[in-house]
Amino acid sequence: MWNYLLASCLVLFVSLLYHFYFNGPASIVERPNTHYDYIIVGAGTAGCVLASRLSGISNVTVLVVEAGGHFGWVSTVPILAPVMQGTDVDWSYSTEPQMFSSKGFWNNVQKVPRGKGLGGSGQMNHLVHSFGKPEDYKVWPKGWSHADLLPYFKKVSDIMNVMSSPEEEYLAEAFLMAEESLKLNNVTLQKGLFTTKRGSRWSTFNAHLQNAWNRRNLHILMNTLVSKILFKENSIADGIKVIYKDGSVGKIAARKEVILCAGAINTPQLLLLSGIGPAEDLDKFQVMDRWIFSFL
């Protein structure tokens, strides 16, 4: 019996060794090429989708640059999302002291968790998903009404496995009945939507990036910080400046586009570092390169 147990442990060890060291995704690289058609900054929720869609075009090359690495198994367990806050997979941002809000926080400062790694904040959020209400789209441009977008919502729902609590659950039923009994104006109560698959977290990392990360025309560069967008003299972005894990600095050129998917905080920060933003802010932080763009 001990021989069988020893053999089983040996097979398990060899399988794990092969999985972690010899069966990694072909798209993950240590050093990038000098040029790509598209450079995507950030492998978060949007970056994973764009990496998958663009690399689906066989005659273009795509590079995704991500400041973090892998999240690990903890992120797959939805209830463990708070455990990852304040760790190396969280940018760990905080707000400035607030005057009219955040009264329940120390010094009126609120934590702003943001995912740092493949999948971004989609790997550490609480999985709440919403398409909004039809009236939310009334002021959107023609062609972008709720009815126009319904086919795309359906496609997203299928890919992302969007689901809601079963009707037969007592708490869900009581929640829905509360709207009728309270008779509140301008208030709609509905069941929350979430994205899980077989009880595990299901983000765009799972649904999009993992399905694409063995394509030859896609490279994924992890643990690398983009510090600046590089421009030609005609104000067209043609590359990025990066800081690698070992502290060395490099430049990577883009033949077609540099696409920013670094999130609601890091994207405007990178634009400012690249000289794009209010003149007073650029002067305050002594950003020497300033670019003037006209938006039509």
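Visitor: Cys261, then. Is Cys261 buried or exposed?
Guide: Cys261 is buried, with a relative accessible area of 13%. Keep in mind that this is a predicted model.

Visitor: And Cys48, buried or exposed?
Guide: Buried. Cys48 has a relative accessibility of 1%.

Visitor: How many disulfides does the structure hold?
Guide: The count is 0.

Visitor: Which residues are closest to its centre?
Guide: Val49, His129, Phe131, Val156 and Met160. They belong to a lining of 26 residues.

Visitor: What's the make-up of that lining by class?
Guide: The lining of the second largest pocket has 15 nonpolar residues, 9 polar ones and 2 charged ones.

Visitor: Where does the largest share come from?
Guide: From H3, with 7 residues.

Visitor: And in domain terms, which ones contribute at least three residues each?
Guide: Domain 1 (23–124 + 203–288) and domain 2 (126–198) each give at least three residues to the lining of the second largest pocket.

Visitor: How far is Ser52 from Thr204?
Guide: Their C-alpha atoms are separated by 9.7 Å. Along the chain, Ser52 and Thr204 are 152 residues apart.

Visitor: Switching to annotation. What does UniProt place at residues 263–277?
Guide: An unreviewed UniProt entry puts the feature "domain: Glucose-methanol-choline oxidoreductase N-terminal" there.

Visitor: What does the chain look like over 263–277?
Guide: Residues 263–277 are 73% helix and 0% strand. The end C-alpha atoms of that stretch are 16 Å apart.

Visitor: Which helix holds Ile265?
Guide: H6, residues 263–273. Ile265 is partly exposed, at 33% relative accessible area.

Visitor: What about Leu271?
Guide: Leu271 is found in helix H6. Leu271 is partly exposed, with a relative accessible area of 26%.

Visitor: How far is Ile265 from Val112?
Guide: 9.9 Å, C-alpha to C-alpha. In sequence, Ile265 and Val112 are 153 residues apart.

Visitor: And Leu271 to Ser227?
Guide: Those C-alpha atoms are 9.7 Å apart in space. The sequence separation of Leu271 and Ser227 is 44 residues.

Visitor: Now backbone angles. What is the phi of Ser92?
Guide: Near 55 degrees. That is a positive value, in a residue other than glycine.

Visitor: Where is Ser92 found?
Guide: In the loop between strand E3 (62–65) and strand E4 (93–94). Ser92 is partly exposed, with 38% relative accessible area.

Visitor: What's the phi of Asn108?
Guide: Near 60 degrees, positive, and Asn108 is a residue other than glycine.

Visitor: Where does Asn108 lie?
Guide: In the loop between E4 and strand E5 (111–112). Asn108 is buried, at 18% relative accessible area. The cut-off for buried is under 20%.

Visitor: Pro97: which loop, and is Pro97 buried or exposed?
Guide: Pro97 is found in the loop between E4 and E5. Pro97 is exposed, with a relative accessible area of 55%.

Visitor: Last one. How far apart are Pro97 and Asn107?
Guide: 6.1 Å between C-alpha atoms, with Pro97 and Asn107 10 residues apart along the chain.

Notes. Residues are numbered from 1 along each chain as its sequence is written. This is a predicted model: local features need pLDDT of at least 70, side-chain atom pairs count only at pLDDT 80 or more; totals for chains, interfaces and linings use all residues. Side-chain values use heavy atoms; hydrogens and water are left out. A disulfide is a pair of cysteine sulfur atoms within 2.5 Å. Buried means under 20% relative accessible area, exposed over 50%, partly exposed in between (1.4 Å probe, protein chains only). On a 1 Å grid over the protein atoms alone, a cavity is a set of points where a 1.4 Å probe fits but cannot get out, and a pocket is an open set with protein on both sides within 12 Å along at least five of seven lines; lining residues have an atom within 4 Å of a point. Helices (H or I, at least four residues) and strands (E, at least two) are DSSP runs, numbered from the N terminus. Ala, Val, Leu, Ile, Met, Phe, Trp, Tyr, Cys and Pro count as nonpolar, Asp, Glu, Lys and Arg as charged, and the others, Gly among them, as polar. Domain bounds come from an automatic or database domain assignment. UniProt positions are given in the numbering used here, feature names are shortened, and annotations may be inferred rather than shown by experiment.
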